[in-house]
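Here is a short briefing to read alongside the sequence and the 3D view. Have both open, and follow the topics in any order you like.

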Amino acid sequence: MVMINLGIGRTDSAKKHGERTKRSLNLKNDEANHITLLGKSGYGKTTIMRGMIEEIYSSYSDAGIPPIIIVIERKVDTSKPKKVIEIYHEESKKSTEKYIYRKYGDGVWNYIGHYVNELENDTKLRYGLMGDFAIGFPNILGKYTKAGIDEYKTLLGRHGLSPAAYPARRFVFRPRRDIENIAFDNGPLTEVISSKLAYPDIPFDIIADMNNLGEQTRYFAVLKNIWDISKIRDPKEVLSIAESYEKPNSAPSQTYLRIDETMNRLKTDILFTDETKDSFLKQITNKKINILDFSQNSELDSYEECLLFKLVVQHAINVAIKYRIPVFFVVDEVQNFMKDSNGKWAIDKILREGRSLCINLICATQYTDNLPKDILIGSSHIGIMGKLASNTDTKTLEKLIPDFKDVVDFDEPGSLSEWEGMKRKLRFRGYFSYNKDFTEHIEYRQPQSL
Ligand SMILES: Nc1ncnc2c1ncn2[C@@H]1O[C@H](COP(=O)(O)OP(=O)(O)O)[C@@H](O)[C@H]1O
Ligand SMILES: [Mg+2]
């Protein structure tokens, strides 16, 4: 069992203003620990997931079982770099260097100075797109921002934490901008890889889809036969087999031409490589936090994202069987994967196989409405950030969590200003239901990274 710090809970859950105490969550090594986070947009789901990743990374590593953490990132957040610039100038103006160094750490602050300087002189618009999971960038925002509930403490200070960067390996697919620039935006401990899929890893489906190969055609049948049944995964070899089917001394057939065209596409697409050792699957590691960058940095359509996700899940299952390492998938906006059969396959697989292999799913979404019941039923723990997004969700959770009705209580604001104050206070706070059996109010642990 490994314990991670979850945040500050109440010793007496029945009391509205009871005494507060540090809470940890026990994660089991011999079964899955799926966690679902729910809550309206803007209340801190993504931020708190980052905190959980840091806890999992350090606690498991300290226990001598470094886990594989795979984060699926969907967005960049342009507001974070802007806030970093603001804070840098605010602090420099109003505080002494000595005070700033003590507050943020001199290494961190000097790095921030360098980052701000580069951003402000960035006439070519190379920077400013920071990932939702900039795990390699120290969170100076959390050290600057006052906790809504306690005017004397900052978000991080309330939890006794300081800004820190964690090592991350970021996988970008068909990069839309220079990988050095992506690395710079995501902090000093971020390594960026222009990721490739080796031919042997590519299932026929992806080739057929990429090239709009009609299922009823002859070239579809011939190519499927060579690629998937004979498992010939080398474009040159594929072509020579296709050639052997041709009639001698006659013009090349439609089938041959289409296969030729398809193989050329494979060779020119930078997503693919003939070097098996360069496959990004082989670069997934337990030494760093792995981030699959499905944000604007990568040029992928949603079908390809889901397929890559599926391949990574298949790979993780093999690794988990072979090396018995715990695996954590962190999937933000999980509903996005549910519309696609590969995405759904991947989530289902983690939910089911996870139990025996210790493959865990930590996911977040705004509504339960569009979520398959399997996710909530399969979740060991459910967290709520801020408020729930709809009454239907309240009803769903009441059915699932026996003590939900007794414990969970969302105040309704009486006026617009009350609503604004409440929103500030509720951010990063809410409820946590342990094993869907004990629910309490909690202020979630803040992330040290941005
Ligand atoms: N450490 C932090 N301190 C203050 N604000 C933050 C911090 N990290 C993120 N934010 C801001 O808080 C807001 C809500 O966070 P987010 O986690 O994105 O919510 P959600 O995922 O629930 O929509 C965002 O606007 C984000 O920029
Ligand atoms: Mg979010």
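Is Leu125 buried or exposed? Leu125 is exposed, with a relative accessible area of 74%; here buried means under 20% relative accessible area, exposed over 50%, and partly exposed in between, with a 1.4 Å probe and protein chains only. Please keep in mind that this is a predicted model, in which local features need pLDDT of at least 70 and side-chain atom pairs count only at pLDDT 80 or more, while totals for chains, interfaces and linings use all residues. Residues are numbered from 1 along each chain as its sequence is written, chains are lettered from A and ligands numbered from 1 in the order in which they are written, and side-chain values use heavy atoms, with hydrogens and water left out.

**The surroundings of ligand 1**

- Ligand 1 is surrounded by 19 residues, a residue being counted when one of its heavy atoms lies within 4 Å of the ligand.
- The closest of these residues are Gly42, Lys45, Thr46, Thr47 and Asn139.
- By class, the shell around ligand 1 holds 4 nonpolar, 9 polar and 6 charged residues; Ala, Val, Leu, Ile, Met, Phe, Trp, Tyr, Cys and Pro count as nonpolar, Asp, Glu, Lys and Arg as charged, and the others, Gly among them, as polar.
- The space that ligand 1 takes is the largest pocket. On a 1 Å grid over the protein atoms alone, a pocket is an open set of points with protein on both sides within 12 Å along at least five of seven lines, whereas a cavity is a set of points where a 1.4 Å probe fits but cannot get out, and lining residues have an atom within 4 Å of a point. A molecule sits in such a space if more than half of its atoms lie within 2 Å of its grid points.
- Two or more residues of the shell around ligand 1 come from each of helix 1 (45–62), helix 2 (79–94) and helix 5 (140–144). Helices (H or I, at least four residues) and strands (E, at least two) are DSSP runs, numbered from the N terminus.
- Helix 1 gives the most to this shell, with 4 residues.

- An oxygen atom of ligand 1 lies 2.8 Å from a backbone N or O atom of Lys45. A polar contact is a pair of N or O atoms within 3.5 Å; within protein, one must be able to donate a hydrogen and the other to accept it, and residues adjacent in sequence count only if both atoms are side-chain atoms.
- The side chain of Asp77 has an N or O atom 3.5 Å from an oxygen atom of ligand 1.
- A polar backbone atom of Gly142 is 3.5 Å from a nitrogen atom of ligand 1.
- Of the 560 Å² of accessible area that ligand 1 has on its own, the protein covers 86%; these areas come from the Shrake-Rupley method with a 1.4 Å probe, and for residues only the protein chains shown count as cover.

**Positive phi in two loops**

- Most residues other than glycine have a negative phi.
- Leu125 has a positive phi of about 55° although it is not a glycine, and Leu125 lies in the loop between helix 4 and strand 6 (130–131).
- Lys231 also has a positive phi of about 55° without being a glycine. Lys231 is found in the loop between helix 8 (218–229) and helix 9 (235–244) and is exposed, at 52% relative accessible area.

**Buried residues**

- Arg177, in the loop between strand 9 (168–172) and helix 6 (179–185), is buried with a relative accessible area of 16%. A polar atom of the Arg177 side chain lies 2.8 Å from the backbone oxygen of Arg126.
- Val116 belongs to helix 4 (residues 106–120) and is buried, at 1%. The C-alpha atoms of Val116 and Tyr88 are 7.6 Å apart, with the two residues 28 apart along the chain.
- Val192 is part of strand 10 (residues 190–194) and is buried, at 13%. Val192 and Arg170 are 22 residues apart along the chain, with their C-alpha atoms separated by 4.7 Å.
- Ile182 sits in helix 6 and is buried, with a relative accessible area of 0%.
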